[in-house]
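Reader: I am new to this structure. Please show it to me, and then take my questions one at a time.

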Amino acid sequence: MKTIVIASNNAHKAEEIATALDFPGWEFHTLRELGLESDPAEDADSFEGNARIKAQAARAASGGKAVLADDSGLAVDALDGAPGVYSARYAGEDATDADNNVKLLAALADVPDEQRTARFVCTLVFIDEDGTEEVAYGTIEGRIGREERGDHGFGYDPLFLPDVFDDGRTLAEALPHEKNAVSHRGNALRELRAKLEG
């Protein structure tokens, strides 16, 4: 079996990755599952830069195993692309999802619905055991709603109204398989899978 270290301890993320990249003989483990510590400073100014920092740190911590890291976030047009790379800590270093959503709603309070366009962005960096690197990208377009709805998602999902849903649901109101079929991470994983198969 080939072990791929997921540079994260997010169980939702790990499950989504393992489902999308179900190559025969591959098994995915989070850092915690392997008893590894890796918490590098994510100080790049791009999603790709931060994903690469996480991938390289996890590779070092695992002694050179294959690794997969992602960096993702929300870019809101009316806020000039914010929160962007600061999505997880938009309301501060120890901010919760709820804190971040409150700050986002406050920032957009006076913005009319048609100007609340946004997208989730995901960049994946995969480094194989031999040091070969593949980078994949995914996005999902939508708008920011005015109240949180749904309990299937995390982060900004309860506020995000994807364009691909024509019934007005938020991403957090979609079932996991529905979300994975359209999400930024799902789209990036599909691109990565195609690159690895090619």
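Author: First, a definition: helices (H or I, at least four residues) and strands (E, at least two) are DSSP runs, numbered from the N terminus. This is a predicted model, in which local features need pLDDT of at least 70, side-chain atom pairs count only at pLDDT 80 or more, and totals for chains, interfaces and linings use all residues. Residues are numbered from 1 along each chain as its sequence is written, and side-chain values use heavy atoms, with hydrogens and water left out.

Reader: What is the radius of gyration of the chain, and what would a compact globule have?

Author: The radius is taken over C-alpha atoms, and the globule rule is 2.2 Å times the number of residues to the power 0.38. The C-alpha trace spans about 50 × 35 × 25 Å along its principal axes. For 198 residues, a compact globule would have a radius near 16 Å; the chain agrees with this, at 17 Å.

Reader: How much of the chain is buried?

Author: Buried means under 20% relative accessible area, exposed over 50%, and partly exposed in between (1.4 Å probe, protein chains only). Of the 198 residues in the chain, the buried share is 46%.

Reader: What share of the contacts links residues 24 or more positions apart?

Author: Contact means heavy atoms within 4.5 Å. Take the contacts in the chain with a separation of 6 or more. Residues 24 or more positions apart account for 59%.

Reader: Which residue does UniProt list for "active site"?

Author: UniProt positions are given in the numbering used here, feature names are shortened, and annotations may be inferred rather than shown by experiment. The unreviewed entry places "binding site" at Asp-71. For "active site", the unreviewed entry also lists Asp-71.

Reader: Is Asp-71 buried or exposed?

Author: Asp-71 lies in strand S3, residues 66-76. Beyond its neighbours within four places in sequence, Asp-71 is in contact with residues including Glu-42, Phe-47, Lys-54 and Thr-123. Its relative accessible area is 6%, so Asp-71 is buried.

Reader: Which residues does Lys-54 touch?

Author: Lys-54 is found in helix H2. Its relative accessibility is 11%, so Lys-54 counts as buried. Leaving out residues up to four places away in sequence, Lys-54 touches Ala-7, Pro-40, Glu-42, Ala-69, Asp-70 and Asp-71.

Reader: How far apart in space are Gln-56 and Asn-100?

Author: Gln-56 lies in helix H2, residues 47-61. With a relative accessible area of 44%, Gln-56 is partly exposed. Gln-56 and Asn-100 are 44 residues apart in sequence. C-alpha to C-alpha, the distance in space is 28 Å.

Reader: How far apart in space are His-184 and Thr-123?

Author: His-184 lies in helix H5, residues 184-197, and counts as buried at 5% relative accessibility. Not counting residues up to four places away in sequence, His-184 touches several residues, among them Ser-72, Cys-122 and Gly-138. His-184 and Thr-123 are 61 residues apart in sequence. Their C-alpha atoms are separated in space by 8.7 Å.
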